[in-house]
Amino acid sequence: QVQLVESGGGLVQPGGSLRLSCAASGNIFIIYTMAWYRQAPGKQRELVATITRGGHTNYPESVKGRFTISRDNAKNTVYLQMNSLKPEDAAVYYCNAESNNQYYWGQGTQVTVSS
């Protein structure tokens, strides 16, 4: 049993920034890849960023250059720094972690981008 808890969501103006955190707890041996996904109303859940245990990152073109994923392996925590936020970034953001030969999901944190 692994639990993921996201935090840091909220309301920001276009062009603003937010930093999301996701802490894993429970029966953990090693967490391999961690990732952030998002889902806006009426849309499919989409991948935002991934990071391997060694720190290799990947981003889709929609967020590349604006978002940065990072992790602290000692704390089993992954972060998402979001800069230059756009209205289209508004969504519920979900944390994902690969561990114990399974994928785990958090409950999500709401990000609203509005002026």
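Cysteine 22 and cysteine 95 make a disulfide (a pair of cysteine sulfur atoms within 2.5 Å), with their sulfurs 2.1 Å apart. A search of the whole structure turns up 1 disulfide. Keep in mind that this is a predicted model: local features need pLDDT of at least 70, side-chain atom pairs count only at pLDDT 80 or more, and totals for chains, interfaces and linings use all residues. Residues are numbered from 1 along each chain as its sequence is written, and side-chain values use heavy atoms, with hydrogens and water left out.

**The disulfide**
- The S-S torsion of cysteine 22 and cysteine 95 is about -85°, so the bridge is left-handed.
- Cysteine 22 sits in strand 3 (residues 18-26) and cysteine 95 in strand 9 (residues 91-99), so the pair ties together parts 73 residues apart in sequence.
- Strands here (E, at least two residues) are DSSP runs, numbered from the N terminus.
- Cysteine 22 is buried at a relative accessible area of 0%, and cysteine 95 is buried at 0% too; buried means under 20% relative accessible area, using a 1.4 Å probe and protein chains only.

**Strand 4 and its partners**
- Strand 4 (residues 31-39) pairs with strand 9 in the antiparallel sense over 7 bridges; two strands pair if DSSP finds at least two bridges between them.
- Across that pairing, alanine 35 stands opposite asparagine 96 in strand 9.
- Strand 4 also pairs with strand 5 (residues 46-51), antiparallel over 5 bridges.
- Methionine 34 has isoleucine 51 in strand 5 as its bridge partner.
- The hairpin of strand 4 and strand 5 has 6 residues between the strands, and glycine 42 takes a positive phi near 75° there.

Terms used
Helix = DSSP H or I, 4+ residues; strand = E, 2+ residues; numbered from the N terminus. Buried < 20%, exposed > 50% of the residue type's maximum accessible area, 1.4 Å probe, protein only.
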